[in-house]
Amino acid sequence: MNSERLRQAMVQRLRTQGITDERVLNAMAAVPRHLFVDEALASRAYEDAALPIGHSQTISQPWVVARMIAAACEDRAPTRVLEVGAGCGYQAAVLAQFVRDVHTIERIRGLYELAREHLRALRLTTRIRLIYGDGTLGLPGVAPFDAIVVAAAGLAIPQALLTQLAPGGRLIAPEGGSNQRLVLIERTGAASWKRTELEAVRFVPLRSGIQS
């Protein structure tokens, strides 16, 4: 498998799909997505499709990853970002290509260990702090965050996450049950947030608590 060529083709496709942030495109080009999926699925790693990663979870399609990161980082240079739902570690690896300080939480023990393995193999553990815990609570001890990316859909965005956004910071998350939309929220003041609804998406449900 010529992963370099497939990755460049994926980046070209992202351009045609409307992703214009060069930081995001370069990050997607730099991270070997095939290393984050099961070997049996490696040949499909650069297709624009979500793929299973075990524990009834998926790695999001490349367009969704790029869209969410680009929306959260548009016209700003975040230095501290929180990801809720590390999964296999791929999105955190993409973020770490241009964000100095990435914190990512995973509630499923098996996926937390999988992500740790992947990030270690790519020597990204100095830039990414991976936590096994309940992502709906965020990380109050580390907040505020310039951006928060939520990789699972709740019926409402947890208030704990909204309060951990820095003023001017952005949170992007899928919201809804059977019908989901991406929602972009910008913190505009001490107790004010601006909400924008984006396109329809399909994510696994956001759950609280941890799973061993």
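This is a predicted model: local features need pLDDT of at least 70, side-chain atom pairs count only at pLDDT 80 or more; totals for chains, interfaces and linings use all residues.
Strand E7, residues 165–176, is largely enclosed by the rest of the structure, because ten of its twelve residues are buried.

**Strand E7 and its partners**

E7 pairs with two strands. With strand E6, residues 145–150, the pairing is parallel and runs over four bridges. In that pairing, Ile 148 has Leu 171 of E7 as its bridge partner. With strand E8, residues 180–189, the sense is antiparallel, and the count is seven bridges. Here Pro 174 stands opposite Leu 182 of E8. E7 and E8 also make a hairpin, with three residues between the two strands.

The two pairings can be set side by side.

| Pair | Sense | Bridges |
|---|---|---|
| E6 (residues 145–150) and E7 | parallel | four bridges |
| E7 and E8 (residues 180–189) | antiparallel | seven bridges |

**Met 10 in helix H1**

Now move to the start of the chain. Met 10 sits in helix H1, which covers residues 3–16. Is Met 10 buried or exposed? Met 10 has a relative accessible area of 0%, so it counts as buried. The cut-off for buried is under 20%.

Which residues does Met 10 touch, leaving aside those up to four places away in sequence? The contacts are Met 28, Tyr 46, Pro 62 and Tyr 90. Take Tyr 46 as one of them. Met 10 and Tyr 46 are 36 residues apart in sequence, yet their C-alpha atoms lie 6.0 Å apart in space.

**The whole protein**

The protein holds six helices and nine strands. The radius of gyration is 16 Å; a compact globule of 212 residues would have a value near 17 Å, so the two agree. The C-alpha trace spans about 50 × 40 × 35 Å along its principal axes.

Of the 212 residues, 53% count as buried. Contacts across the sequence tell a further part of the story. Among contacts between residues at least 6 apart in sequence, 55% join residues at least 24 apart.

The accessible surface comes to about 9600 Å². Carbon and sulfur atoms account for 49% of that surface. On charge, the protein carries 25 positive and 20 negative side chains. The centres of these two sets lie 2 Å apart.

Technical notes:
Residues are numbered from 1 along each chain as its sequence is written. Side-chain values use heavy atoms; hydrogens and water are left out. The radius of gyration is taken over C-alpha atoms; the globule rule is 2.2 Å times the number of residues to the power 0.38. Buried means under 20% relative accessible area, exposed over 50%, partly exposed in between (1.4 Å probe, protein chains only). Contact means heavy atoms within 4.5 Å. Accessible areas come from the Shrake-Rupley method with a 1.4 Å probe; for residues, only the protein chains shown count as cover. Lys and Arg count as positive and Asp and Glu as negative; His and the chain ends are not counted. The place of a charge is taken as NZ of Lys, CZ of Arg, CG of Asp or CD of Glu. Two strands pair if DSSP finds at least two bridges between them.
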